[in-house]
Structure formats: structure tokens, C-alpha cells
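Please read the following with the model open in a viewer.

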Amino acid sequence: MTRILILAVSHIATLAIGSALGVFFLPILTAPDAPDAQVLAQEAEAAQFTAQLTRDLAGSDALHWGEGTISITPERIVHQGELAPGPDYKVYLTNGFAQDEAGFEAIRESAVQIGSVKSFDGFLLDVPAGVNVEDFDTVVVWCESFDEFITAGRYR
């Protein structure tokens, strides 16, 4: 009986660890290539606003972080840098700087979702029609699947 219990616990633990590793590695393995660095640089040149992303925000940790530069034009949001890999990242524009989960949840209702992040070494997103980037002051990267704050940068 003890042997069966030990085997059951070890198999359940192995399954849990394997599932957790799958959630972490699957986005890395299936991520498309980031846009070419030249394309990102060219798009960033037209920026009306810029923001810096750093790893030292209250809501960032070893698994949830971003760094680099966000460049904002009326038509595009460009990220040059790195994001911690993960599933289901979304970019939002907000009024007010959030640097953790609670801060973003407090302003999420008034935030506008720009798009999904699929690459972790820079991205380029089109600003949806009808969204005026001048109506906001902060870019937030958020993990929808796990309600996790990744990073943010104030651009105005």
C-alpha cells in the first residue's frame, strides 16, 4: 500500500512539473521570429513618444519582466528589447502608471487593448482604428492567461 501511495504521489508530482514546464516553454518554442531589427529601428524613428521598460518594477520578478524601449506613433507601437517569455501577452494603453497587478487591475476598465505579443525579442503592433495614443500615457504588457503583470512604461 505504501509503495502504491509513493508511486501515485511521484507520478502526480512529475505530471505537475511537466505541465508547468510546458506552460513556460511552449510559448518559446512556438514563438514566431521577432521583426527584423532594421524594421523595428525604422519604425521607431517616426516615434511621437518613447518609454523605457525596466526589470525593477514592483510587479516584475524573475519570470515576469520586460526591458528595452517602447516607441509610439499614432499608427504603431514598437518594442526594441526583450520580454520574459510567456503565454498570452497583451499590450494595453492606460491613463496612469501601473507597476504591478493591483495597479493595473485598478485601471484596467479604462485601458485599451492594442494587440497580442507573439515574439519576445521585440514586437511591432498596429494601433487599432479609433484609438488616439495621445489620450493615454502608459504602455502595459500583461499576461491574460494568468493575470500577471509583465512590465510597463510611461510615455507621457
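Of the 156 residues in the chain, 37% are buried, meaning under 20% relative accessible area, with exposed set at over 50% and partly exposed in between (1.4 Å probe, protein chains only). The model is predicted, so local features need pLDDT of at least 70 and side-chain atom pairs pLDDT 80 or more, while totals for chains, interfaces and linings use all residues. Residues are numbered from 1 along each chain as its sequence is written, and side-chain values use heavy atoms, without hydrogens or water.

The chain contains three helices and eight strands, taken as DSSP runs numbered from the N terminus (helices H or I, at least four residues; strands E, at least two). Their order from the N terminus is α-α-β-β-β-β-α-β-β-β-β. The C-alpha trace spans about 70 × 35 × 30 Å along its principal axes. The accessible surface is about 8500 Å², 56% of it on carbon and sulfur atoms, as given by the Shrake-Rupley method with a 1.4 Å probe, where for residues only the protein chains shown count as cover. Among contacts (heavy atoms within 4.5 Å) with a separation of 6 or more, 64% join residues 24 or more positions apart.

Which residues touch the most other members of the largest nonpolar core? They are Ile-77, Tyr-89, Val-91, Leu-93 and Tyr-155, in a core of 26 residues. A nonpolar core is here a set of buried Ala, Val, Leu, Ile, Met, Phe, Trp, Tyr and Cys residues joined through side-chain atoms within 4.5 Å. Two or more core residues come from each of strand 1 (49-53), strand 2 (66-72), strand 3 (76-83), strand 4 (89-94), strand 5 (112-117), strand 6 (123-126) and strand 7 (138-143). Apart from this core lies another, of 10 residues, including Ala-111, Val-140, Trp-142 and Ala-152. Beyond its neighbours within four places in sequence, Val-91 is in contact with residues including Ile-77, Val-112, Phe-123, Leu-125 and Val-139.

In a regular strand, side chains alternate between the two faces of the sheet. Strand 1 runs antiparallel to strand 2, joined by five bridges; strands count as paired if DSSP finds at least two bridges between them. Thr-50 has Ser-71 in strand 2 as its bridge partner. Ser-71 counts as buried because its relative accessibility is 3%. Outside the four places on either side in sequence, Ser-71 touches residues including Ala-44, Phe-49, Arg-76 and Ile-77.

There are four aromatic pairs, that is, rings of Phe, Tyr and Trp (its six-membered ring) with centres within 6.5 Å, stacked if the planes are under 30 degrees apart, edge-to-face if over 60 and tilted otherwise. Phe-49 and Tyr-155 make a tilted pair, 5.2 Å centre to centre with 50° between the planes. The pair joins strand 1 to the segment after strand 8 (148-154), across 106 residues. Both partners are buried, Phe-49 at 15% and Tyr-155 at 6% relative accessibility. Ring pairs also link Tyr-92, Phe-104 and Trp-142 into a cluster. The charged end of Arg-55 sits over the ring of Trp-65, 3.5 Å from its centre; the criterion is NZ of Lys or CZ of Arg within 6 Å of the ring centre and within 35 degrees of the ring normal.

Finally, Phe-120 lies in the loop between strand 5 and strand 6, and is buried at 11% relative accessibility.
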